[in-house]
Amino acid sequence: MVQSLARENRILSALLEVSKVLNSSFDLEKNLSRTMRVLGDFLEMERGSVFLFDQITKELKIVAAQGLTREQIARGKYKIGEGIVGRVLEKGSPMVIRNVGEEPLFLNKTGSRFKKGGISFLCVPIRFKGESIGVLSADRIFKDSEVTIDEDIRVLEIVASIIAQYAVLWNHYRESEQERENLKRQLKGKYSLPNIIGTSDRMQEVFEAVHRVSDSKATVILYGESGTGKELIAKAIHYMSPRSKGAFIKFNCASIPEGLLESELFGHEKGAFTGAINARKGRFELANGGTILLDEVGDLPINLQPKILRVLQEKEFERVGGEKTIKVDVRLLAATSRNLEELVSRNKFREDLFYRLNVVPISMPSLRERKEDIPLLTEFFLGRFNQENNKEVTLSADALRVLVDYHWPGNVRELENTIERIVVMSGGNIIRPADLPINLKLPSHEEILQRESLRAGIEDIEKSSILDALEKTGWVQAKAARLIGLTPRQIGYKMKKYGLISATGMQ
């Protein structure tokens, strides 16, 4: 009687502990593993395992176990109807094998029971609303004659029902988290700042500026060469701002003929010009409540700049051919690869517009100014293009060094296109320097100019040294040669090369 009462207390304590564990978090593997330890600690059940049915592979897989190694857990897979575990899922009812050593259906797939004699195997379905979603199993070595198998099955069924509710809740939680991440990606895509690659000091300065300015209403202008990622940073500012749910409209001022720019930006009314058969909203109207990026703003025609200035100052404009003033709430971001201050000095850009745009300037570094980011960018692009092309291309250390040393006039965009070409055209998995495009191994125009300048400087020094030695020795070539460490033949050749002739006409 006393033992029976103690047993009931242990069962109640175990069930209470299981409930506490499964309510602690949504860490499925961790919490189910702790549940199996509870069964072992309180109820003397060994090698407890939780199997859940995988809808994709159509297999039962161990998601948590006590007393099994990772290798043994990995081997614990059963098809529906296979072995004891598979039959319990198929039938939806418990099964008890009183001695696993005498049961041919017991497959011991995990290989955890070296001596199968004297071990009973208890297995119950994990069911939710009449549907089997998994299996709970445990080994039992009966030392207490008063403990019956029926009693253990009853306990396992209660635990299985708690696990079933937890597993269903976990699955709903996982789906909602996945949906939340999908929505976040749709909203922010690859443009959220954490996904912009760059650990260099220059990029960290850019990231810090973006964090500081994104919550404000300030106009931002992005300076940088083509291909440095100005548009990515502009989108990051938008999606980190309170306007993130509004539209992000990009407009390239250099891509539209001058005669159509005003209509594209501000829209037009029906009949405003030949071909205007319907009224049409412009980019500023489409961006209302959101953000507009004017890319290559330095190419804006001078006659259109006052209208941009008016939108910035007054938040209003008229469509082409219209008289109604349209109010908009738009944050303006600008980007340019040109020197706007120089354009202002040449009267190619309005000074007042320049100052309105230049509230928060952010300079994007060229790739040659952030070479330490090239390995990270290369790894990212390799991963993407390998996945797209079903390949496993990697770069040797020497090939990566070539990429780091290259001057990248097209910046990150050129690197991206180069990596795509390498992956698509590769014949093997390892890319070596010989496999790289030839342009990556040629010196840059600046390097060639530097070499020519250095060669010219050296020749000037050499010519001056020879002339000085000749003058000191009265233009006696043999003496001059000895003075500067040359042979008579060498000095004669160099005098001819540099056109050195004495005042008396002697060479």
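Before you start, note that the model is predicted, with local features needing pLDDT of at least 70, side-chain atom pairs counting only at pLDDT 80 or more, and totals for chains, interfaces and linings using all residues. Residues are numbered from 1 along each chain as its sequence is written, and side-chain values use heavy atoms, with hydrogens and water left out.

**Stop one: an open pocket**

Select L52, F53, Q55, N171 and R174. Among the 17 lining residues of the second largest pocket, these lie nearest its centre. A pocket here is an open set of points on a 1 Å grid over the protein atoms alone, with protein on both sides within 12 Å along at least five of seven lines; lining residues have an atom within 4 Å of a point. The space inside is about 520 Å³, a volume being the space filled by probe spheres set on the points, which are joined across faces, edges and corners.

Now colour strand 1 (46–54), strand 6 (131–140) and helix 5 (149–188), which each supply at least two lining residues. Helix 5 gives the largest share, six residues. (Helices, H or I of at least four residues, and strands, E of at least two, are DSSP runs numbered from the N terminus.) By class, the lining holds ten nonpolar, four polar and three charged residues. Nonpolar means Ala, Val, Leu, Ile, Met, Phe, Trp, Tyr, Cys and Pro; charged means Asp, Glu, Lys and Arg; the others, Gly among them, are polar.

Next, select F284, I308, V311, L312, K315, V330 and L332, which line the second largest cavity. In a cavity, a 1.4 Å probe fits but cannot get out. Its volume is about 50 Å³, and the model has two cavities of 30 Å³ or more. Show helix 10 (residues 305–314), which gives the most to this lining, with three residues. Six lining residues are nonpolar, none polar and one charged.
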